[in-house]
Amino acid sequence: MSKLVELKQISKEYGNKKVLHDISLTIEENQVIAFLGGNGTGKSTILRIISSLERPSSGKVVYPNKSLRIGYVPDRFPKMLRFTPGEYLHYVGRIGGISKEDLNKRIPDLLHRFQLEVMNHKWIMHLSKGNIQKVGIIQAILQKPDLFILDEPISGLDVHAQQELVNIVKEFKKQGSTILLTYHESHKFDDVIETTYYLHHGMISKNNMLAKKQIKLIEVKKIDELIVKQWDEVLHMENKENRLLLYVGLENSDTILSRVLQLQGSIDSVSTIVVDENNQIG
């Protein structure tokens, strides 16, 4: 297989926070690869670097094929767009060098597949989060990319759209494309993922670094979710009703409990749980 992208000793820092640590990785054609890990482990950052939307702080990204077509779906697609879905897709398609004839064929078909044709009279800024996400997916596949990158693509999508996205991933794989994606709590892609990389504290491995470990589940209230996302010690976070569920390594649980109290949050419960080799809680 031919190389599409090669990462050579990539590191990324934001201020004093190091998000990625000395990562080397080769991505070849005709693969489906998942990048998994908890919040703040660098999943989105590595996808943005691979897509060339962000530069590493050190290291090098090599693209052997200079004409590589990349389709990128961010975790949050811009909402404030005064275009209808069809207008926007024609606009980005023309910028991408796609002929009017091809766009006139592909756009109606893709709108139909994602059940967006009935929304084509509305501006994107007035659509729901899920429908905006659909527009983001369509714009990324208009050029039939060699490398299709999806950052949390399932978020906000209805069941029909989720299955349609899985079908599209399978279609692109058959056509020889490589698909990179990250996602939370979804088994939709289980039968199409060929390789999984796990990120933990900015490091990458084919082994799940949470496997067969005891960790602490800390349930808290009155804490800002945006603040918690900055805590590297939190392996995973869930928002459940009016509580935050924080999954923390045993060695860091006292640190997190202290921070919660300092911020005048309330601690509902602290329990020890086990994560097995499939990243399932037992």
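Me: What is the order of the strands in the open sheet of six strands?

Reply: This is a predicted model, so keep that in mind. Start with the general idea. Strands of a sheet pair through backbone hydrogen bonds, either parallel or antiparallel. Here the order is E5-E6-E7-E3-E8-E9, and the pairing is mixed.

Me: Which are the edge strands?

Reply: They are E5, residues 70–73, and E9, residues 203–205. Each of them pairs on one side only. From one strand to the next, the twist averages 15°.

Me: In which sense do E6 and E7 pair, parallel or antiparallel?

Reply: Parallel. Strand E6 covers residues 147–151 and strand E7 covers residues 178–182. Five bridges link the two. For one example, take Leu150: its bridge partner in E7 is Leu181.

Me: Which helices pack on this sheet?

Reply: Helix H1, residues 43–50, is one of them. H1 touches E3, E5, E6, E7, E8 and E9, and its direction makes about 155° with that of E6. Helix H4, residues 129–141, also packs on the sheet. H4 touches E5 and E6, and its direction makes about 175° with that of E5.

Me: How many residues of H1 are buried?

Reply: Buried means under 20% relative accessible area. Six of the eight residues of H1 are buried, so the helix is largely enclosed by the rest of the structure. The buried ones are Lys43, Thr45, Ile46, Leu47, Ile49 and Ile50. Now look just after H1. There Ser52 takes a positive phi of about 70°.

Me: Now strand E3. Which residues lie on each side of it?

Reply: General idea again. In a regular strand the side chains alternate between the two faces of the sheet. In E3, Val32, Ala34 and Leu36 are on one side, while Ile33 and Phe35 are on the other. Both faces are covered. Five of the five residues of E3 are buried, so the strand is largely enclosed by the rest of the structure.

Me: How many bridges does E3 form with E7, and how many with E8?

Reply: E3 and E7 pair in the parallel sense over three bridges. Ala34 stands opposite Leu181 in E7. E3 and E8 also pair in the parallel sense, over four bridges. There, Leu36 has Tyr198 of E8 as its bridge partner.

Me: There is another sheet. What is the order of its three strands?

Reply: The order is E2-E1-E4, in an open sheet with antiparallel pairing. E2 and E4 stand at the edges with a single partner strand each, so one side of each is left without a neighbour in the sheet. Neighbouring strands are turned by 15° against each other on average, direction ignored.

Me: How many bridges join E1 to E2?

Reply: Eight, and the two strands run antiparallel. Strand E1 covers residues 3–14. Glu13 pairs with Lys18, its bridge partner in E2. H1 packs on this sheet, touching E1, E2 and E4. The direction of H1 makes about 130° with that of E1.

Me: How many residues of the lining are nonpolar, polar and charged?

Reply: Eight are nonpolar, 15 are polar and 13 are charged.

Me: You named Glu152. Is it buried or exposed?

Reply: Glu152 is buried, with a relative accessible area of 17%. Find it in the loop between E6 and helix H5.

Me: Where is Gln115 found?

Reply: Gln115 is in the loop between helix H3 and H4. It has a positive phi of about 55° although it is not a glycine. At 41% relative accessibility, Gln115 counts as partly exposed.

Me: One last residue. What does Lys79 touch?

Reply: Lys79 touches Ile124, Met125, Leu127 and Ile132, leaving aside residues up to four places away in sequence. Lys79 sits in the loop between E5 and helix H2. Its relative accessible area is 44%, so Lys79 is partly exposed. The C-alpha atoms of Lys79 and Lys17 are separated by 29 Å, and these residues are 62 apart along the chain.

Definitions and conventions: Residues are numbered from 1 along each chain as its sequence is written. This is a predicted model: local features need pLDDT of at least 70, side-chain atom pairs count only at pLDDT 80 or more; totals for chains, interfaces and linings use all residues. Side-chain values use heavy atoms; hydrogens and water are left out. Two strands pair if DSSP finds at least two bridges between them. Axes are lines fitted to C-alpha atoms, for helices over the stretch in contact, and angles run from 0 to 180 degrees between N-to-C directions. Contact means heavy atoms within 4.5 Å. Ala, Val, Leu, Ile, Met, Phe, Trp, Tyr, Cys and Pro count as nonpolar, Asp, Glu, Lys and Arg as charged, and the others, Gly among them, as polar. Buried means under 20% relative accessible area, exposed over 50%, partly exposed in between (1.4 Å probe, protein chains only).
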